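Have the structure open while you read.

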Amino acid sequence: MRRRTALVAGAALVAAGLPALAVGSADALQAPVTFTSAALPTYQTNGIAWAVASAQGKVFVGGTFTSVRPGGSPAGTGEVARSNFVVLDAATGSPTSCAPAFTRSSSATVRSIAASPDGRTIYVGGLFSSAGGQARNNIAALDVATCTIVSTFKPSPNATVRAIKATSLKVFFGGDLTIVSGAARKYAAAAGAVGSANAGALLSWAPQLGLNVRSINTKPDDSVVVIGGNFDTVNGVQSNRLVVVDPSTGTTNVKTFTGLQNERSVVKSIAVDSTGFYTGNEGTQGFDGREAYSWSTYGKRWRDSCLGATQSVVVYRGLLYSGSHAHDCTGMGEFPDGARNHLLVEGVNDPHFLSWFPQTNDGMGEALGPRGLAVATGSNGKDYMYVVGEFTTVNAVAQVGITRFGPGPDTVAPSTPVVSLQSVRSGQVRVTWRASTDTDDSTLTYKVYRGGTLVSTRTATSWFWNRPQQTFTDTVPAGSTQTYTVSASDGTSTRTSAAQSIVVASGTPAYAAAVLADSPVMYLRYDEASGGYLSDTSNGGNNLTTSGSVSYRQAPAVSGSSKALTFSGATSTAYGEARLTPTNSVTIETWFKTTTTTGGKIVGFGNKQSFASKSTDRNVYMTNAGKIVFGVYSSGYHSITTPASYNDGAWHHVVAVQSSSTGMVLYVDGVARGTNGTTGHNATKGYWHVGGDGLSTGWPSVPTSLYFKGSVDETAIYSTALS
């Protein structure tokens, strides 16, 4: 037998489906995005902000709060009283003197805000009995110029108003209401707009909805009304959570929709442009993403399939911005299941994410992060993206309820490149680095310096979930000592790595030469001193990233070869950057050393980038008794378990092979310890893991710990079944 054998991934391992962006010079704020990801100074609330709208250089924010204070100020410092409603200067983010209170005898809240087309009137909905000192039940109109409640506008819905859309003649509103001004309504109604002949009067528009409304909008010419919510019938006809009705009576269904009921999805927000309308959805283990529909046919143009409820969508300059808590967008080729990402942008004609990733936390209340978005034009002529919600931090800095993002300058710098140097061939140095991240620039320019001399320049595209290894091979005198740095630039800011030095090899180490001769698609030598980046010595560029406590540059398994990496066994693991498609034949090879009695995953392939994949395959793990298991999933669990135990504190060499024609073989220390005729495997795309990952209960002798407590060295993956 050859000495090793590896695992899945093959040629399909390289290039993990990055969103397509032109790679050219890396300019800050890469078009078409026009907002930076850096939050600007903005007043914050002492509670949840639910709704936001803008008009005439002002921003109107409603929610459940009693005061606002400057950004950066702790609670109780600089508090300015505001009762569930605040008016901010769009250009500065500071409150104006306009301060109408929205209150009731018990808890009051503002849940919806909309501006009239001319920007002179702001309509406010929620649960309140008084607005600006005037008796108003759950909806009111504010005159922007005078900051007074409009006396002629006082329809009286009997329950919370959660959505408002104002046209020049009508104000459509909906929510939990069933009676308005003494007349029956089924969750939606309309009143005459301020300035119209019948201002404030309840109109005959009365769609019959089966359950409450969460969002309302109209076509730009106001010829139809689009309603979203929890309902499944409209005007006696099935229409699940979304419907288009006429603007006159509301009793004509222009277009009904089915399917969202089965997906347990609620339409929480509707945005429009001249081509169509866009929905933000919240599912209960159902559809959570965004959809685009055409005005011409009302047919669906696209759907993104992110998981993590979408609370708000807004269209700006051909892009769809959204507030959500998206945590799994693998279905649309984006980030895998893991941490929540709250603010995203995609093209209205191309549902793939662009370079804009500011971040909030989940925050308080229902802990869903952002709840509302609005673009506001300041008195300085600049546009700002305002975000309101339940969050209590923005970009990891304390900020409650309100934040905003402007057009620049771009102050967000790329992360500093994490560099690794290797010399495994005579007269050559491989300078590799993990691609940097930048929350508003995905394409960056990298420069490699030998000493003070520039030796390479390139651009590369990366995302926070896929930071592909970059490699520059330098030819220099064997035996010499060379020093390298790598810089990353977004066109405005530059970050440069610390200098590293290496003695150039005069030959190739025998073990490394043998591995490289078999063309691995991933080869980890664990030479790094720190930094969390594990470089790939193969041509595959499939680097790994460590998580948790690991110890670098431990004594190696192979004399005269690279160093080893030790995992703590508590929460430490390493995972791949690239989402890969497993190939039909694979070989996994690694050295390991341990005395653990709680087992753990040594190497495996899983569907999640972070820990605890739910779908795993090609697993090499240790049982509590120290036995080695090699398993695959193919319409059931198929495995080989060694008769002997190997948790004796000595180095052991394991090779797990699966051939698509002959099945499985498990070798330990050069001897075949078992075979299995299974040739199939789980074709789910995923990531390579070393040192820990999930194992479902169906796998044999699942260990107490899924984290491996021990050392690994010289890990290689091949896309073929080695002999």
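Predicted model: local features only at pLDDT ≥ 70, side-chain atom pairs only at ≥ 80, totals over all residues.

Just after α1, S519 takes a positive phi of about 55°. Residues are numbered from 1 along each chain as its sequence is written, and side-chain values use heavy atoms, with hydrogens and water left out.

Helix α1 spans residues 510-517, and Y511, A512, V515 and L516 in it are buried (under 20% relative accessible area; exposed is over 50%, partly exposed in between; 1.4 Å probe, protein chains only). Those four cover an arc of only 125° around the axis, so they sit on the same side of α1; the arc is taken from the directions from the helix axis to the C-beta atoms. On the other side, A510 and A517 are exposed.

Now the rings. Phe, Tyr and Trp (its six-membered ring) pair if their centres lie within 6.5 Å; planes under 30 degrees apart are stacked, over 60 edge-to-face, the rest tilted. That rule gives 27 aromatic pairs. Two of them:

| Pair | Centre to centre | Angle between planes | Type |
|---|---|---|---|
| F35 and Y321 | 5.7 Å | 70° | edge-to-face |
| F464 and W465 | 4.9 Å | 80° | edge-to-face |

F35 and Y321 are 286 residues apart, and both are buried. F464 is partly exposed at 32% relative accessible area, whereas W465 is buried at 5%.

Conventions. Helix = DSSP H or I, 4+ residues; strand = E, 2+ residues; numbered from the N terminus.
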